[in-house]
Amino acid sequence: MSDAELPLGPGYTVVTGETGAGKTMVVTALGLLTGKRADASMVRRGQQRAVVEATIVDSPQAPALQEAVESGAELDEDDDGRSVLYLSRTVSAEGRGRAHAGGRSVPVGVLGRIGDQLVAVHGQSDQLRLRGTAEQRAALDAFGGAPLARATQEYSSVFDSLRAAREELTEIRERGRERALEAETLQQALEDIDAVEPRPGEDAELDARAQRLSHVEELREGAHAAHAALLSEEIGEAVDAVSLVDAAKRALEAVDRDDQQLAEQTQRLREVGYILSDVATELAGYVENLDADGPAELAEVEQRRAALAQLLRRYASGAEPSIDDVLTWAEASRVRLNSLQDDPGRAEALEEKVRALTQELTTAARNLHALRVDAAERLSERVDEELHALAMPHARLQIAVEAAEPASHGADEISFLLAPHPGADPRPLGKGASGGELSRVMLALEVVLAEVDPVPTFVFDEVDSGVGGEAAVEIGRRLARLARHVQVVVVTHLPQVAAFADRHLTVTKTTESGGAADGGVTTSDVVALDHGQRITELARMLAGQAGSEAARAHAAELLEDAAKEAASRSEASASRSGAAAKITAKKTKKQGPQDSGR
């Protein structure tokens, strides 16, 4: 089993290495952790599985962490009070996989939802974060700032009110006969309930009365016998309970003055006597109050219970329906009946409301459209400036804001179009541009949008493809600018891009003899470089020879220039909000002397 650990942190991290060393494994690992498709080819031949694990550190309010918690994940806490989320993805040699978030087993789709809030990957074959119409509209609206946000909210509020009014008006018009029948049914039901006049809790009260009246003779006999046992002159002197207790009390009263303990017992017997007398008196009253006409009263109670039971069958529901349920239903039905009976007047009022809201929506849509057009022009200009500095001097980003049918988000259809060369027709992002050009377009967009619409972590895979010289320096400079606001991870071959990084990682490849039918085993590892090691690596990238003095001098100059720029932006970098993450990739890759280290 071979392990590789990728130590990331806030700011700008660059990953370099020889061609074929395995730099792409960084993007592959992140893809697995964010729900991308996995297959058995990711597992080295002869091994059972490959495992990718990550530690995400961010504030508890971060969207990615909130998404994880909603999916059942549990968060830890670090020494600084930040929340910590552990993610893992396992791929077996048979192609099966497992996903975990916060110590809980979750569907891979959950990792995808977390990943959408956490990482945006831009590479030669990766999907674009701003590919969809909804994402492009959201990015433009975010760039438009507070005025556009207010206009969007005002439009959405009017749109929702208009939709609700139209739906209600349609129901009244198209379901007039059904609503009339419903009103008639409700009217009859409420008349039935009002005729019975049920009271809250009456069914339970009647049940108790029926139970008592059904056993009146047994109750009378039991109460009489108990009264006789407590206090009765018919069964002789000192044999009932009250007389016996009284005799015991008098016996103690004759001697208790000589012993405090006996005096206490005398007092207790005196209290018992009072209690027994009270019980006997109450039992006597109970027997006298038992209605001799119990059968007649019982008949009345049963008749009332039958009337309530009929209401329960018709208008109550649930496992244990009660008359309170009937009363609740009746209250709601009266409100509904009033609305049904007011259909003609309500329809007329709704028609007027729809006309007013339609006009209001048109005005709101026009205002929103104007603000979006203005924001689109400003965003296009900003992105074009970035593209020109990124060795695409003739590229143009066109943001089309065209009228469309009103929807909840507005009456505009928004699309980002790119014309990479002079004479080229603008086409949707992802079409008509090479992978390197597209990566630079996305870098330009992300740099401009980072201040208003950031994703916590960006990964760029060979964003510098096809450029060099001053353009490469500009790419590095803009990646560093983006890293002021978010966490940036870049896989690159250009030393000018690598020189601007806050930390430099290199991927190395080694081949060990033995294994895989003696074909050898190739493994990749990730090493964090110090300043001297960075000079050596940049020299290798510059001249192909790490020991070249000229290349080392040039590498040192690149680092010195980048450090000067970093010092000028140190104050801004102190407020970086990107999530700090550490990824541990436990790889079980294919064996063989030609293993690419992927």
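Me: How many salt bridges does the count come to?
Reply: In this predicted model, the count comes to 28 salt bridges.

Me: What makes glutamate 94 and arginine 96 a salt bridge?
Reply: The closest N and O atoms of glutamate 94 and arginine 96 are 3.8 Å apart. The rule asks for a side-chain nitrogen of Lys or Arg within 4 Å of a carboxyl oxygen of Asp or Glu, so the pair qualifies. Both residues are exposed.

Me: Where do arginine 355 and glutamate 352 lie?
Reply: Both are in helix 12 (residues 343-389), three residues apart, about one turn of the helix.

Me: Why is glutamate 352 called partly exposed?
Reply: Its relative accessible area is 44%. Buried means under 20% and exposed means over 50%, so glutamate 352 falls in between.

Me: Which parts does the salt bridge between arginine 481 and glutamate 386 tie together?
Reply: The closest N and O atoms of arginine 481 and glutamate 386 are 2.8 Å apart. Arginine 481 lies in helix 14 (residues 469-482) and glutamate 386 in helix 12, so the pair ties together parts that are 95 residues apart in sequence. Both residues belong to a network of salt bridges that also includes Glu474, Arg477, Arg478 and Glu565.

Me: Is glutamate 386 buried or exposed?
Reply: Glutamate 386 has a relative accessible area of 7%. The limit for buried is under 20%, so glutamate 386 is buried. Arginine 481, at 27%, is partly exposed.

Me: What is the nearest side chain of opposite charge to aspartate 203, and how far away is it?
Reply: It is arginine 199, 9.0 Å away. A salt bridge needs a distance within 4 Å, so aspartate 203, although buried, has none.

Me: What does the side chain of aspartate 203 reach?
Reply: The side chain reaches the backbone nitrogen of isoleucine 323 at 2.9 Å. Aspartate 203 is found in helix 6 (residues 202-213) and, not counting residues up to four places away in sequence, touches Leu308, Ser322 and Ile323.

Me: Why is strand 2 called largely enclosed?
Reply: Six of the six residues of strand 2 (residues 12-17) are buried, so the rest of the structure largely encloses this strand. Tyr12, Val14 and Thr16 cover one side, and Thr13, Val15 and Gly17 the other.

Me: What makes strand 2 and strand 13 a pair?
Reply: Four bridges join strand 2 to strand 13 (residues 487-491). Pairing needs at least two bridges, so the two strands pair, and they run parallel. Valine 15 stands opposite valine 491 in strand 13.

Notes
Residues are numbered from 1 along each chain as its sequence is written. This is a predicted model: local features need pLDDT of at least 70, side-chain atom pairs count only at pLDDT 80 or more; totals for chains, interfaces and linings use all residues. Side-chain values use heavy atoms; hydrogens and water are left out. Buried means under 20% relative accessible area, exposed over 50%, partly exposed in between (1.4 Å probe, protein chains only). Lys and Arg count as positive and Asp and Glu as negative; His and the chain ends are not counted. A polar contact is a pair of N or O atoms within 3.5 Å; within protein, one must be able to donate a hydrogen and the other to accept it, and residues adjacent in sequence count only if both atoms are side-chain atoms. Contact means heavy atoms within 4.5 Å.
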